[in-house]
Amino acid sequence: VPSVRLLDDPEMLAFARAGQQALLDDLARMGPAISAQPGLLRPVTSRSQADQLAASAAPAPDMLGTWCDRDQVAELEPGLALGSIVGAFHDPSARILHAPGYVGALADRGMTAGATLVRDTVVGLDPGHEVVVSLASGGSVRAGHVILAAGAWTSRLPGSLRLPVAPVRGHVLRLGSGDNPGRPRHIVSGPLFVGPAANGPTTLVGATEERAGFAPGPTPDELLLLAAHVARNWPGLRSSPVVESWSGYRAGTPDGRPFIGPVPGSPRILVATGHGGQGLLTGSFTGLLIAELLLTGSPRHDLRPFSVDRTIAARPAAIS
């Protein structure tokens, strides 16, 4: 679902909501194994916090869902320690995605449609009459157009623009919750989230936000933060085994908006990067826009707010 942090950026919110619909269309063609629909709860700890959130969402009131009081939250999530929670916004339409399965399905569909998948490292990029992409293996690829979609690594691509795209590291825990009655039934979202995985009887706990560059993970500090969140808020999960932990790098930008469109002075090179924590949500829509830009020159969504040469005003990155 779109992050509530997008509520103060109408352009990005509209883009994320269009991306949400494109993703749902994608998932409808892929079958049920890749995602699940547990719904989402956004708990708040005061009425003033609830009123402030509702006021921010006034232009998109359906985004938050319906208000549930403390007793309703207890009924919806019996395993959640309520503490100071006074209520929550409930969105029953929210889905959770098995990202590796989704990306694998996209690759399979691409190859079925005739695409060639080459696993290699780009070591050179020469824009000319044709764009020549040099590979670490010694080979090269020549193309009429090249799309740079390298996520957090975009600024490291040789010959590309030095775009202000930086890694934002995040950690996730997977717990073996099985049929534990204390496991979450919904995605329960705040600064961190806890929710049922889409691919089996496990629980996901995430995700941290760290401006740590490409420092490797997972690290004890961040895993301890996630474990402490579980121990404090989900007492029934305290003895659940840790099945898996991992870390990865989101592609963050100073204003929280992606870069989508042609590179100034190199119209044969297009960029699609910097989606931050909204990447899986908006990736399918970005692909549609890039395809329309190449085929017709007129994508269905205004790309000026995401242009490569835009003036950037820094704002908090939208991760959750």
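Strands, core and surface of a predicted model

Arginine 174 stands opposite leucine 204 in strand S13. This is a predicted model, in which local features need pLDDT of at least 70, side-chain atom pairs count only at pLDDT 80 or more, and totals for chains, interfaces and linings use all residues. Residues are numbered from 1 along each chain as its sequence is written, and side-chain values use heavy atoms, with hydrogens and water left out.

S13 and S10 run antiparallel and are joined by 4 bridges. Strands are DSSP runs of E with at least two residues, helices are runs of H or I with at least four, and both are numbered from the N terminus. Two strands pair if DSSP finds at least two bridges between them. S10 also pairs with strand S14 (residues 242-252), in the antiparallel sense, over 10 bridges. In that pairing, glycine 170 is set opposite glycine 248 of S14.

How much of S10 is buried? Of its 10 residues, 9 are buried, where buried means under 20% relative accessible area, exposed over 50%, and partly exposed in between (1.4 Å probe, protein chains only). Leucine 173 belongs to S10 (residues 166-175) and counts as buried because its relative accessible area is 6%. Leaving aside neighbours within four places in sequence, leucine 173 has contacts that include Thr203, Leu204, Val205, Val242 and Glu244; contact means heavy atoms within 4.5 Å.

The loop between S13 (203-206) and helix H5 (220-233) holds alanine 207 and also proline 218. Most peptide bonds are trans. The bond from glycine 206 to alanine 207, however, is cis, with omega near -20 degrees, and the bond from glycine 217 to proline 218 is cis with omega near 0 degrees.

The largest nonpolar core has 31 residues, and Phe15, Ile34 and Tyr102 touch the most other members. Such a core is a set of buried Ala, Val, Leu, Ile, Met, Phe, Trp, Tyr and Cys residues joined through side-chain atoms within 4.5 Å. H1 gives the largest share of this core, 8 residues. Isoleucine 34 is in contact with residues including Leu27, Ile96, Tyr102 and Ala198, its neighbours within four places in sequence left aside.

Isoleucine 147 counts as partly exposed because its relative accessibility is 40%.
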